[in-house]
Amino acid sequence: MNNTETEITDLKTKLISEFQDFEKNLNGEAETTLHFIRKDAFENFKELGFPIKKLEDWKYTNLNPALKQNFIQSFTEYTPALKKEDIEKYLIKNSGINLLVFVNGHFDIGLSHIETKNDKVYIGSFSEGMKDHKDVIEKHFAKIAAYDKNGFVALNTAFAKDGCFIYVKKNYEVKEAVHILNISDAQSESYFSQLRKLVVVEEGGSINIATDYHTIGDQKCFTNAVTEIFCGMNSKVEHYKIQNEGENSYHVGTTQVHQEKDSRFSDTTISWGGAITRNDLNSVFDGTNTECHFYGLYLLTGRQHVDNHTLADHKMPHCYSNELYKGIIDGNATGVFNGKIMVREDAQKTNAYQSNNNILLSDDATIYSKPQLEIFADDVKCSHGATTGQLNPDEMFYLQSRGIGKENARTLLLYAYASDVIDSIKIDELREMVVKKLEMKLK
Amino acid sequence: MLTIKNLKAKVETDEGGKEILKGLNLNVNAGEIHAIMGPNGSGKSTLASVLTGRDGYDVTEGEVLFEGKDLLEISPEDRARQGIFLAFQYPVEIPGVSNTNFLKTAINEIRKSKGEEPMSSVEFLKLIKEKAKLVGLDPQMISRYVNVGFSGGEKKRNEIFQLAMLDPKLSILDETDSGLDIDALRAVAEGVNKLKTKDNAFIVITHYQRLLDYIIPDFVHVMYQGRIVKSGGKELALQLEDQGYDWITDPKEEASV
Ligand SMILES: Nc1ncnc2c1ncn2[C@@H]1O[C@H](COP(=O)(O)OP(=O)(O)O)[C@@H](O)[C@H]1O
Ligand SMILES: [Mg+2]
């Protein structure tokens, strides 16, 4: 962006004016239940707009410079432009995995392949899913992630079209993991992409989902992702999000989880790409005896900025939540951690733990860490803590005194520090990819 | 092998520095075991730190030569690569780094510095087995994180295990005996005796003579207030055991080595 440019497009106005074009491209879908939701979300976006720094939740993250860019949206018919070779290096090397590829928000059926096909599960695009599972989509779409509070969620809901839909029926365990590969094709244009996912896992079902974000090309791009996850009674869902986008990419992502009785949800969020990244991860416990794990790692350098906001919302008794977020911040980069544990009045016998650790590798690296506990019940076990420091000089010396050079000693220690977050990834091939990438980044 | 001449060193403090080593002389040849004894606070650990290059110390005078080369000029890792090893008085715990990964990295970096190929996994595992047996370390401990959850004695034993794995020329043992029960002490001492050859050397820092019943030193030095104030043969250790340090801590009685 050139600061001397006088004419700055107001992105909000532009997006608003595009909604009618978008509607025209829906081809007869305009009268459906979903579209009434879109319209409602659109009105909400008009009202809410983009969040500004003045809001407490956006205190440390200023998106204004990013939003001044003249982004375009792509909602006309998608013409595949990427080839297999272009995405080869992003693939998880597991032959059994389900692969869904989205390019600038469009489902690319040619690059994708679905392994798990039976009447117990649906893995695919929204529009295909509508054919057989309209009722499920209508029941859950935009019901988990509220769009009347957050402008980005409203915007995403308004323009949601070709998203990802995963549906696991009662008592079905999906053995093959799902890899949702999101690519921003920024080779020639600056796109603003709305990525949408809906995951519905019925009673007793289970699934592992990895979703990662990459950029091809050097143009600026903006990704606005909303993921809704419904964990039915006694279901098990693992979700991994890896933010791998390029240095001219902006990313705002909301993962909103609804957990029923006895369900178990685990999320691992790794952020090491992108110029500015904002991750919102919220889980609401709407039944007793639910279990929830949040793992996070952010590894930042240069002028990168990552803001992690999490909420474990204990509404019911006997639930367990555990959160571990770790940061390694170098250069002039900035990390933000805002983790909230909410224990509501009825949530007796809650066990909720949270910790946020940070290592600052340079004098100009910054972390704003704000763990928050709000407790309205009296019989609970909760703890939280945050630490910020440098590499431990005694550990460094110990390694060096055995002949290990400074660089390698540093890598070993940082790797060790990050390992408990990385070990939470249960797809072996993905974890190995993450380990390789981490080692490369630590060098 | 090692020549220390008139070594004076300060520890960096908020007030600018406090002199701890006040003109220390020592000469260690290949094939020798030297014991350094002395009351708490006399500067024994400081000497070990200065020799291995820990941050936070300023050498203000004197020199240290290792195999004829200036030791103080080079980084801690290069000292280790040239064959200096310190068994720490207080070994640190390193969560997340396994003993095996740690040792493999160390061995291969030392090899690389000599222009040698990395050790094969088969060779490495064989070495681990052999050395664990030699120092009496439970092989289970080796796959665990470095010193994490180890008892005091296990940590010390792990130091000697590392020593055995890295096969240094000069080993400095800083109070390896403290915190050990008699069986562990004997095991550690036996390990050291097996590792000793005519080509390597040991500096054994202790303030009890107990360890020296098992590791027989060629020389015993008494350190007091940053200097070696008396040197002798192994009988000096027995004399110290009998009479304590009082008779020796008169600084005028400084002996040369
Ligand atoms: N980091 C430090 N800051 C200040 N004083 C120190 C520091 N390290 C050691 N000393 C002092 O140096 C002296 C020698 O300590 P040390 O070398 O540990 O002795 P020893 O190992 O013989 O017991 C002691 O008086 C101790 O208090
Ligand atoms: Mg000491």
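1. How do the residues of the lining of the largest pocket divide into nonpolar, polar and charged? In this predicted model, the lining comprises 12 nonpolar, 10 polar and 7 charged residues. The space in this largest pocket amounts to about 840 Å³.

2. The largest pocket has 29 lining residues, and those nearest its centre are A:Asp57, A:Lys149, A:Asn150, A:Asp280 and A:Asn282. Several elements of chain A each supply at least two residues of this lining: helix H6 (151–159), strand S10 (249–259), strand S12 (276–285), strand S14 (305–314) and strand S16 (334–343). Both domain 1 (1–271) and domain 2 (288–390) of chain A take part, each with at least three residues in the lining of the largest pocket.

3. The largest cavity has a volume of about 220 Å³ and a lining of 21 residues, with A:Asn104, A:Gly105, A:Phe159, A:Asp162 and A:Gln194 nearest its centre. Strand S6 (residues 192–201) of chain A makes the greatest contribution to that lining, namely 6 residues. By class, the lining of the largest cavity contains 8 nonpolar, 9 polar and 4 charged residues.

4. The second largest cavity, of about 80 Å³, lies between domain 1 (1–271) and domain 2 (288–390) of chain A, because both domains give residues to its lining. Among the lining residues are A:Asp57, A:Trp58, A:Asp307, A:His309, A:Phe337 and A:Lys370.

5. S14, S16 and strand S18 (366–375) of chain A each provide at least two residues to the lining of the second largest cavity. The largest share, 3 residues, belongs to S16(A). The lining of the second largest cavity divides into 5 nonpolar, 2 polar and 5 charged residues.

6. Ten strands form an open sheet with mixed pairing, in the order S2-S1-S5-S7-S9-S11-S13-S15-S17-S19. Strand S2 (106–107) and strand S19 (381–389) are at the edges; each has a single partner strand, so one side of each lacks a neighbour in the sheet.

7. Is strand S11 (residues 264–271) of chain A largely enclosed or open? Strand S11 is largely enclosed by the rest of the structure, because 7 of its 8 residues are buried. On one pairing, strand S9 (residues 236–243) of chain A runs parallel to S11(A) over 8 bridges, with A:Lys241 opposite A:Thr269. Strand S13 (residues 291–300) of chain A is likewise parallel to S11(A), joined by 8 bridges, and A:Leu297 in S13(A) is the bridge partner of A:Ile270.

8. Elsewhere in the sheet, strand S15 (residues 320–329) and strand S17 (residues 351–360) of chain A are paired in parallel through 10 bridges. Within S17(A), A:Asn356 stands opposite A:Tyr325.

9. Chain B holds a metal site. The magnesium ion (ligand 2) has B:Ser45 (OG) and B:Gln89 (OE1) as its protein donors, at 2.1 to 2.4 Å. These two residues are 44 residues apart and link distant parts of the chain: B:Ser45 belongs to helix H1 (residues 44–52) of chain B, and B:Gln89 to the loop between strand S6 (84–87) and strand S7 (94–98) of chain B. B:Ser45 is partly exposed, at 28% relative accessibility, whereas B:Gln89 is buried, with a relative accessible area of 15%.

How values were computed:
Residues are numbered from 1 along each chain as its sequence is written. Chains are lettered from A and ligands numbered from 1 in the order in which they are written. This is a predicted model: local features need pLDDT of at least 70, side-chain atom pairs count only at pLDDT 80 or more; totals for chains, interfaces and linings use all residues. Side-chain values use heavy atoms; hydrogens and water are left out. On a 1 Å grid over the protein atoms alone, a cavity is a set of points where a 1.4 Å probe fits but cannot get out, and a pocket is an open set with protein on both sides within 12 Å along at least five of seven lines; lining residues have an atom within 4 Å of a point. Grid points are joined across faces, edges and corners, and a volume is the space filled by probe spheres set on the points. Helices (H or I, at least four residues) and strands (E, at least two) are DSSP runs, numbered from the N terminus. Ala, Val, Leu, Ile, Met, Phe, Trp, Tyr, Cys and Pro count as nonpolar, Asp, Glu, Lys and Arg as charged, and the others, Gly among them, as polar. Domain bounds come from an automatic or database domain assignment. Donors are N, O and S atoms within 2.8 Å of the metal (3.2 Å for Na, K and Ca); water is not among the atoms, so sites may look incomplete. Buried means under 20% relative accessible area, exposed over 50%, partly exposed in between (1.4 Å probe, protein chains only). Two strands pair if DSSP finds at least two bridges between them.
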